[in-house]
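Dear colleague,

Please find the structure below, handed over for your use. My findings follow it.

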Amino acid sequence: MSMNNPAYIFTFFLLIVVLPIYLLLITTRKTNYKKLPPGSWGLPFLGQSLSIVHAMRTNTAERWLQERVRKYGPVSKFNFLGTPTVFLHGQAANKLIYTNGGDTFANQQPNSVRRIMGERNIMELSGNEHKRVRGGLVSFLKPEVLKLYVGKMDEEVRKHLEMHWHGKEQVQVMPLMKTLTFNIMNSLIIGIEQGARRDTLVELFQHIIDGLLSIPVNLPFTRFNRSLRASAKVRATLRELIREKREAMKQHSADAANQDLISCLLTIRNEDNSILLSDEELIDNAIVIMVAGHDTSSVLITFIIRLLANDPSVYATVLQEQEEIAKSKAPGELLTWEDLAKMKYTWRVAIEILRMTPPVFCSFRTVLRDFEYEGYIIPKGWQVMWAACMTQMDEKIFPDPSKFDATRFEKQAPSPPPPFSFVAFGGGSRMCPGNEFARIETLVTIHYLVTKFTWKLSCRDNSFFRDPMPVFKHGLPIQIKPKKD
Ligand code: HEM
Ligand SMILES: *[C@@H]1O[C@H](CO)[C@@H](O)[C@H](O)[C@H]1NC(C)=O
């Protein structure tokens, strides 16, 4: 996005003119008897937004926020992209936000996100509406159901390695892991098999994702416009797909229908035989899951691959665990739920990675009513920003936090982390419902990688920055060698 883009200038102008008036209004409103949190609004108006975005890009956001906490304490105000924002920090703040029933905080996403992802997507809903839609999604994403799909994930992973790894000497991990997790989603969430239609969808989803982080000006040739157009096309494809699946279900037994999230939800009824989710709800939420699910797990798997290249002792232990399982299988036999249960050490490594480098760094909520916290008043209409995962690097909770130590999460470890301190998957009623899905795809992928290949990092500099998802220089290239069977 270039600075002389008209959309950019327009937005800048709006912020300069409208924002000061707005801030003045909101800060003078009936707050004379209670204190607003400390912190300055920052000058010029975009000052702090730019400095935190800069901190993310140089991977110093944790430090930037820690600096704030040192200066102002765990509650402070600032201006983020034109909205008065309160930054909350610490385990108590995590608990406050995760356990609040939805009358104090709304999960509202920025306007652009809502227009692209649809009004009925789960991130927009609260209260009973949220419960109903979430219940629908969880009826497919729960372990008892997902365990039936381990074999399907296994097939996707093997197909991926066959196509993109075998016969190569060097690969770029990050883009390949995005392809892989996206394809797993295609197969298990919307049930589109490999072929031309899937390829078109990959491209359309890329446009959708590009637009989520763009300035929402709907003019031809803006990213936002392209994203909206892509979203409309994906919707049309999904509508067509739903029609086909209904047709197929009429002809085959109900059992054949349960092959992906969409088919599964088409068969679920309420007790009074009414449908659980409308077609439009199904479509909005399938899109959200496709986006929320693949960008996060691909990051986790990429960090694991980097760690295994850098840490010979963790690598040796993971390899031993996985080879043990490989030895017990006939050639070509698919992994099962029981096999995954044996991958205990590998999953602890993944959890420790999620502690140190969580894919989701910070989140936002909108304040629905004035509330008091730590002696400060937080007014309605403000936005809450909190970096839940900062508790994961708190030395009082996780001693020696910068040290990778997979034994932290062992059952017999000195003391399990207290509630709301390990929050890579969030917490409370909005906790990530895809965590089991992520566990399965991660373990299956690592199983085949360590038993079929060895690798080393091609670049000395394997650091990353956030945009806002972690990005590696050149996509983290590695040199790979197939193992002899
Ligand atoms: C390592 C992988 C993943 C991580 C670290 C992760 C992290 C998160 C976090 C932190 C939240 C809560 C955000 C908030 O409170 O504002 C969340 C929500 C969500 N995640 Fe995940 N996620 C992952 C994988 C997945 C997968 C694979 C799926 C789908 C199959 C998924 C679907 C969702 C959905 C639908 C929500 C919204 C839940 C709600 O609002 O009730 N995620 N995720
Ligand atoms: C994209 O821009 C064109 C031209 O302004 C407009 O006609 C069209 O409706 C926009 N697309 C969407 C999906 O909003």
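This is a predicted model: local features need pLDDT of at least 70, side-chain atom pairs count only at pLDDT 80 or more; totals for chains, interfaces and linings use all residues.

Residues are numbered from 1 along each chain as its sequence is written, and chains are lettered from A and ligands numbered from 1 in the order in which they are written.

Ligand 1 has 24 residues around it, a residue being near if its C-beta atom, placed from the backbone, lies within 6 Å. Those that come nearest are Gly293, Thr296, Gly426, Cys432 and Gly434. Helices α6 (127-141), α14 (279-310) and α18 (435-452) each supply at least two residues of this shell, and α14 gives the largest share, 7 residues. Helices here are DSSP runs (H or I, at least four residues), numbered from the N terminus. By type, the shell comprises 16 nonpolar, 6 polar and 2 charged residues. Ala, Val, Leu, Ile, Met, Phe, Trp, Tyr, Cys and Pro count as nonpolar, Asp, Glu, Lys and Arg as charged, and the others, Gly among them, as polar.

Around ligand 2 are Asn218, Leu219, Pro220, Asn225, Leu228, Arg229 and Ala232, that is, 4 nonpolar, 2 polar and 1 charged.

Leucine 265 belongs to helix α13 (residues 261-267). Leucine 265 counts as buried because it has 21 C-beta neighbours inside 10 Å (20 or more are required, with C-beta atoms placed from the backbone). Beyond its neighbours within four places in sequence, leucine 265 is in contact (C-beta atoms, placed from the backbone, within 7 Å) with Gly136, Phe140, Leu276, Leu277 and Leu282.

Yours sincerely

Note on methods. A residue is buried if 20 or more other C-beta atoms lie within 10 Å of its own, exposed if 12 or fewer, and partly exposed in between; C-beta atoms are placed from the backbone. Two residues are in contact if their C-beta atoms, placed from the backbone, lie within 7 Å.
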